[in-house]
Amino acid sequence: MERATGFSLDDAHFEVLNAIVLKKFASAAMVADATGRPLPEVEQAMAALEADGSVMLANGQAMPTDVAEGQLAQLAAERCAALRADPGVERLHDRFEKLNRSFLQALTDWQQMPVGDRKVQNDHSDPAYDAEVISRVSQLVDRLGRICDELAATEPRFARYRERLTSAFARIDVGETDYVSSPMVDSVHNIWFEFHEDLLRTLGKEREE
Amino acid sequence: MTGGPRARYVHFLDEVDQPDAHLLGGKGAGLVRMTAQGLPIPPGVVITTEACRQFMREGGVPADLFDEVDRNIERLEHRLDRRFGGGPTPLLVSVRSGAAVSMPGMMDTILNLGLNRDAAVALAQASGSVSFMLDVLVRFHRMYAEIALGAMDEFIGDAAEEFLAGISNVESSDPGRLFDRLWRVCDEALEFDVGTTVPLDPHEQLHGAIEAVLRSWQTPRAVTYRDYHKIPHDLGTAVVVQSMVFGNLGHPSGTGVAFTRNPVTGSPTLYGEYLEGGQGEDVVAGTVDPQPINDLADRHPELFSQLQRLSNELERTHHDILDIEFTIERGDLYLLQVRSAKRTAEAAVRVAGDFVNDAEMDLAGALGSVSVDQVRQIERARFDEDAVAHARAEGQLLTTAVGASPGEVHGVLVVDADRAVERAATGESVILARPTTSPVDLHGMLASQGILTVKGGTTSHAAVVARAVGKACVVGCGAIQIDEEHHRLTCGERTLAEGDEISIDGSTGEVFLGALPITHGAASSPDLAVLLEQADAVANCSIMGRVTTVEQVQGVLERGATGVATSVGHVLTTTGDLDAVIEVFNAQRDARRPDFRVVRRLVAEQFGPLLAAARKVDVGIRTIDFLSSEAGELLQQTELLNHHPRLAVPLGIPEFVGAQIAGVGDAISAAGFPGRAYVSVRHVSDPKEASAIRDIAAESGVDGSVGVYVTSPRGALLAPELARYGDVLWVQLSQLQAAMFGLSSREYLSGEPLDDYVRRGMLTTDPRTALDETMDVMLIPLAKVVRDTDCTVGMRLSGDVSEQIVDKLYAHGFRLYAVDAAEVRPLRLALGKAAATAS
């Protein structure tokens, strides 16, 4: 991917730690995929983070230590001060929260169908129903992509979410519908959720439930 | 048709001869059919798929299309006495896409099109509500902006909301001026977003919407979908333009949704909701609380009985439960949408049973409306009802929160994902309780039977993931506090420590103290029992349910099996006697003529009670198979085979097989078993082997049936030869499929990596759920045995029964099956469906 020039190693550290905290167990390859950074750079950052005591490495998997979350929050506060001060960012966050509600509803509709006052599992036997929900998810994902672009103007790593969403949708388009909501693959729900966590940390906000 | 230029692309719904989906799209053809049936459908036109094809050829809207559309709109105005873009009664229309096949990426519906200042003022007058008119304005503007102009954000809604919040006395304001101001506010928000505005001219709006539909046929998403599903790109989409009706114009008016039967219970009464004086979107958006459908009966009995009549009529023509959206405008009832209704498994079964009893429905249609999955859902494990009632009475109900993913499960409470994994690894059933979940809890969620969260609703992370992986989940347990530090949970006065048992119901959202006992649901479903009896009657097949213990026999027979299937290896493993058998081999490692009297005695002892429990039904028994992969780990296969290499072939040690056959014979005599017991030997592929088995049985002096259990292509191809020497020939279908595909049976049986492989399209047939014609080479000689000989041929199906496989096997003529106990009922349905379709 293209990125702005002039990045220091600090950016790599931050992004790698961010990805590890989001995923909890992550191989270097997974972190490279999530951040869009080259594998050697990720491995180097992981080793440095281990030396700092923010992550533990075991069998090629990185895990955040107890201090990682706090360190990351602090790093985010320093790095993202400019972004947090941007008056437009509040509006952008509101836009996301609205979008998020529609998205979660669409995902629920993908998994379950309303029957009277109950829900039944979607057995995916009605192509018209599924096509409608996928179209809706796809529109919402396009909208999230736009929010990613706006954030990426100041925090380039957000561009990676759009790329990941695009790859997930490419799978859905060829019938791999696990990529809608399965937690076992890098599904749209997975990516969306990570984006949400990342956005909250970046802006220093708490999740609304 | 009336005079004027020849219709090229545009047809009135009531002027089409044939409801041809290829030309009119699925939606268009459905509307034409219903109009022809005399059902009250709002009048409208359909633009045929030919316009879409011409659009693709010309790279733009076909010449004269819009002229033709405008002429037809004029006719619609005359017919309805309404004006497009004016009053006193404005004509507003909906515009929808509709191909013969539905696909993602196509343009959605635009409602309320045709709104300009004059139409809006007229609408405000006709409805007596300025705020309704403004509401229609915002909805239309947003829909058009999003769908036809590709607006991406909620700017319009936000701007409109802000504007409206600043207006007091909406109803006494001048509607024309308000329309102008609000339209401008919406346009400005849109222009900021995409740099363009919504046209104010109704004809321009209509043309824009039609063009957007035609263009949406070519969106990358739709193109990819067609590529993948091999749908021709020149199929094209039709466009349906239909007049809008309003449930808030005059009296009596209203809107609602009706199901032809109750979709939750299946009871045969009209079910649904009605909102007097409401507009369709109000109900869909859930902004207002509609009343139960009986409200319509109370207010307007004649309209209710009309709806009831239409509902019955539609059910007769569709042979299905339907979901009907309707609107009443000034006393006229219109059907807006009619679809197959989503329903619970319970309702599906109940309704299919009622359809069977209804002379006008055919059995194939009735059975066809239920899936084997729905039977499984009814059979799924659930709490014993008496135990639940007792637990409630005893105050064991901890809290009632929100059911987010169905399932009734119990387990030990754990409040940390890592510890959930640890405890589950020891074989404990775990309920993971968390304040909320995030991806870091995933491993714990996967290891648990159920998930409980304090915060969050039905769309929370926990809920979405639980449903995706099929775990029971209760969310929003606000009454519960989790003390992560001390591994505790408190709810009111009570405190639970990690390791305490709890039970959760993912449908009702109830959380109970203690482990509620589990039963299986189907036993209490008389509707399912009746339906499956109908299926049995038409299928006329025998089903052996697999058991390994005496206690399981009764359960299998209750599920409707006509016999039981078992194996010496599994029975002796369960009773703990297999070690004694292995000891026989170890003790006689060097004996020239090993003594298998112990084996004979053990088999006789353990099969006596089993045969007694089977009373008089058929019992299929296969001899010990030290080669099977499931036996491998259990038996230290390699060790045994190293010392007794002859065990690697089916009849390597004939005395061992003979001892088992003789043991079964002893059990038959001892139990005075009046039924038929077959003993079969696995992995047989040669007529010489088959004849040897007959000789071994004769030597043992057994008065029973013996035969072979085929697991190889050679066995299947030589089946007619094998059948000459035996009374029974069992076939393990999964082994033949695995051999045909060159897959090891281990890979074949596990989900991954084959799931992934099939998803990636590397196999065009998934051998676990489908039989393709390559298997005919094996099935044809097997079917010949069924047709031409007295030898009994049985198909052993592994894992979940697939409707497609059963259908094929039934068509080949196979009438005897063996399945796992839980699959007996699904198989009965699948066979009934296969038989009803074939007859």
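A: Asp81(B) is found in the loop between α3 and β3 of chain B. The model is predicted. Phi of Asp81(B) is near 55°, a positive value in a residue other than glycine. Most residues other than glycine have a negative phi, and most peptide bonds are trans. Is Asp81(B) buried or exposed? Asp81(B) counts as exposed, because its relative accessibility is 65% and the exposed class begins over 50%.

Pro88(B) also sits in the loop between α3 (65-80) and β3 (93-99) of chain B. The peptide bond that leads from Gly87(B) into Pro88(B) is cis. Its omega is near 5°.

Another loop of chain B, between α2 (49-58) and α3, holds Asp64(B). Asp64(B) is not a glycine, yet its phi is positive, at about 75°.

Chain A has a positive phi to check as well. Asn59(A) takes a value near 50° in the hairpin of β2(A) and β3(A). Two residues lie between the strands of that hairpin. Four bridges join β2 (residues 55-58) of chain A to β3(A), in the antiparallel sense. Within this pairing, Ala58(A) has Gln61(A) of β3(A) as its bridge partner. β3 (residues 61-64) of chain A also pairs with β1 (residues 26-27) of chain A, antiparallel, over two bridges. There Ser27(A) stands opposite Gln61(A).

Back to chain B and its sheet. Five strands form an open sheet in the order β8-β7-β6-β9-β10, with antiparallel pairing. The edges are β8 (291-292) and β10 (332-340) of chain B; each has a single partner strand, so one side of each is left without a neighbour in the sheet. Further in, β6 (residues 254-259) and β7 (residues 271-276) of chain B pair over six antiparallel bridges. One residue pair to inspect is Val257(B) with its bridge partner in β7(B), Glu273(B).

Next, a helix. Which residues of α6(B) are buried? They are Phe155(B), Ile156(B), Gly157(B), Ala159(B), Ala160(B) and Phe163(B). Their packing involves both chains: α6 (87-111) and α7 (127-152) of chain A, together with α5 (130-148) and α7 (175-194) of chain B.

That leads to the interface. In contact there are 50 residues of chain B and 46 residues of chain A. The area buried between the two chains is about 4,200 Å², and carbon and sulfur atoms give 58% of it. Met152(B), Arg221(B) and Lys342(B) supply 17% of the area that chain B buries against chain A, more than any other three residues.

The rule finds six salt bridges across the interface. In one, Lys98(A) is joined to Asp158(B), with the closest N and O atoms 2.2 Å apart.

Which elements of chain B give two or more residues to the side that touches chain A? They are α6 (155-165), α9 (220-229), α18 (442-447) and α19 (461-469). α19(B) gives the most, with seven residues. By class, this side of chain B has 23 nonpolar, 14 polar and 13 charged residues.

Note on methods:
Residues are numbered from 1 along each chain as its sequence is written. Chains are lettered from A and ligands numbered from 1 in the order in which they are written. This is a predicted model: local features need pLDDT of at least 70, side-chain atom pairs count only at pLDDT 80 or more; totals for chains, interfaces and linings use all residues. Side-chain values use heavy atoms; hydrogens and water are left out. Contact means heavy atoms within 4.5 Å. Buried area is the accessible area (1.4 Å probe) that two parts lose on being put together, summed over both. A salt bridge is a side-chain nitrogen of Lys or Arg within 4 Å of a carboxyl oxygen of Asp or Glu. Ala, Val, Leu, Ile, Met, Phe, Trp, Tyr, Cys and Pro count as nonpolar, Asp, Glu, Lys and Arg as charged, and the others, Gly among them, as polar. Two strands pair if DSSP finds at least two bridges between them. Buried means under 20% relative accessible area, exposed over 50%, partly exposed in between (1.4 Å probe, protein chains only).
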